[in-house]
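Visitor: Could you walk me through this structure, a bit at a time?
Guide: Gladly; have a look at the display, and then ask away.

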Amino acid sequence: IFVSSLRLQTAITTLDLYSPTRAERQRRPAMPLETLGRFAPSKRLTAADPPPWPVNRSFLDLDLPSMVRVHDRALFERFLALAEARSGTILDQQALARQLGVAHRTIVRWLEVLDTAFQTLLLPPYRETFGRRVVQRPKFHLLNDTASFESEVVSEIYRNARHAGLTADLRYWRDSNGLEVPLVVDGVPVGIAAEGNPRVETAIQRWADLAGHAHAALITRRAPPADRRPGRLLRYALSQI
């Protein structure tokens, strides 16, 4: 008896699936990360805001009990409310612990729960200091249900990349004098402001000069007015990301 066996070797790719992005809900391609700050946004990418995605807290009932023992569910939900209020800020675990009256290690465990449930992103600081004293703690962003426009933008860019199977190099930069770049995408500084903000634009331009970068971007909630001024700062609306 002749027996033939065939072994198939295939690469297995694991994709992280987050809530649908704005581009997915608008049924359009997301803006490729490599174009951000390097190419002017296309007018045809501007679309009306999609309907809001329903708030989903199912992880509290489905995932939370299997990941950590929570003796006081109300206390955890208070922690979640405080985390939402701090989205888009430098993470301060000790302050959260003091405000809730719990041990620091409890906050660490609860933050790990949110991360495991695909709810958060800790944005690391940019590697280069340019000879300045810079903040070295990560920046905390909720990926869903946040009132922070900065977190909303970071979340869209991050989830677009993850759903495309990409690992984007997303960071932030802030020095001790308050000069800040809320997002650095593969080395390109990105300003984020719900409305046009000259202070934010100036900060991004200063950082680009400091880092010697030829490209920079500014993301606002609405489509920016036509800008005929020469410069390297390209303006985008959230609906174009």
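**Contacts, charges, strands and rings**

Visitor: Let's start with T21, then: which residues does T21 touch, leaving out residues up to four places away in sequence?
Guide: This is a predicted model, and in it T21 touches E156, R159, N160 and H163, once residues up to four places away in sequence are set aside. With N160 there is also a polar contact of 3.0 Å, which joins the two side chains.

Visitor: And where does T21 lie?
Guide: T21 lies in the segment before helix α1, which covers residues 22–25.

Visitor: Is T21 buried or exposed?
Guide: T21 counts as buried, because its relative accessibility is 0%.

Visitor: How far apart are T21 and I241, in sequence and in space?
Guide: In sequence T21 and I241 are 220 residues apart, and in space their C-alpha atoms are 9.8 Å apart.

Visitor: Okay, new topic: how many salt bridges does the structure hold?
Guide: The structure holds 11 salt bridges.

Visitor: Which residue does R127 form a salt bridge with?
Guide: R127 forms a salt bridge with D169, and the closest N and O atoms of this pair are 3.5 Å apart. R127 lies in the loop between β2 (120–123) and β3 (139–142), while D169 lies in the loop between α7 (149–163) and β4 (170–174), so the pair ties together parts that are 42 residues apart in sequence. R127 counts as exposed because its relative accessibility is 53%, whereas D169, at 24%, counts as partly exposed.

Visitor: What about E150, which side chain does it meet in a salt bridge?
Guide: The side chain of E150 meets that of K139 in a salt bridge, at 2.7 Å from N to O. E150 is in helix α7 and K139 is in strand β3, so this pair ties together parts that are 11 residues apart in sequence. E150 counts as buried because its relative accessibility is 17%, and K139 counts as buried too, at 0%.

Visitor: And which residue is the salt-bridge partner of E152?
Guide: That partner is R221, with the closest N and O atoms of the pair 3.2 Å apart. The two link distant parts of the chain, since E152 is in helix α7 and R221 is in the loop between β7 (216–220) and β8 (233–237), 69 residues apart. R221 counts as partly exposed because its relative accessibility is 28%.

Visitor: Switching to strands: what is the order in the open sheet of three strands?
Guide: The order is β1-β3-β2, and the pairing is antiparallel. The strands β1 (89–90) and β2 stand at the edges with a single partner strand each, so one side of each is left without a neighbour in the sheet.

Visitor: How many bridges join β1 to β3?
Guide: Two bridges join β1 to β3, and these strands run antiparallel. Within this part of the sheet, T89 stands opposite F140 in β3.

Visitor: Which strands does α7 touch where it packs on the sheet?
Guide: Helix α7 touches β2 and β3 there, and its direction makes about 80 degrees with that of β3.

Visitor: Last topic, the rings: how many aromatic pairs are there?
Guide: The count comes to 10 aromatic pairs. In the pair of F76 and W110, the ring centres are 5.2 Å apart and the planes are at 75 degrees, so the pair is edge-to-face. F76 is in helix α4 (residues 73–85) and W110 is in helix α6 (residues 104–116), so to speak of distant parts of the chain being linked, the separation is 34 residues. Both F76 and W110 are buried.

Visitor: And how are the rings of F130 and W173 arranged?
Guide: Their centres are 6.0 Å apart and their planes are at 50 degrees, so this pair is tilted. F130 is in the loop between β2 and β3 and W173 is in strand β4, 43 residues apart. F130 is partly exposed, with a relative accessible area of 27%, while W173 counts as buried at 2% relative accessibility.

Visitor: Which residues form one aromatic cluster?
Guide: Y126, F130, W173 and W207 form one aromatic cluster.

Key. Residues are numbered from 1 along each chain as its sequence is written. This is a predicted model: local features need pLDDT of at least 70, side-chain atom pairs count only at pLDDT 80 or more; totals for chains, interfaces and linings use all residues. Side-chain values use heavy atoms; hydrogens and water are left out. Helices (H or I, at least four residues) and strands (E, at least two) are DSSP runs, numbered from the N terminus. Buried means under 20% relative accessible area, exposed over 50%, partly exposed in between (1.4 Å probe, protein chains only). Contact means heavy atoms within 4.5 Å. A salt bridge is a side-chain nitrogen of Lys or Arg within 4 Å of a carboxyl oxygen of Asp or Glu. A polar contact is a pair of N or O atoms within 3.5 Å; within protein, one must be able to donate a hydrogen and the other to accept it, and residues adjacent in sequence count only if both atoms are side-chain atoms. Two strands pair if DSSP finds at least two bridges between them. Axes are lines fitted to C-alpha atoms, for helices over the stretch in contact, and angles run from 0 to 180 degrees between N-to-C directions. Rings of Phe, Tyr and Trp (its six-membered ring) pair if their centres lie within 6.5 Å; planes under 30 degrees apart count as stacked, over 60 as edge-to-face and the rest as tilted.
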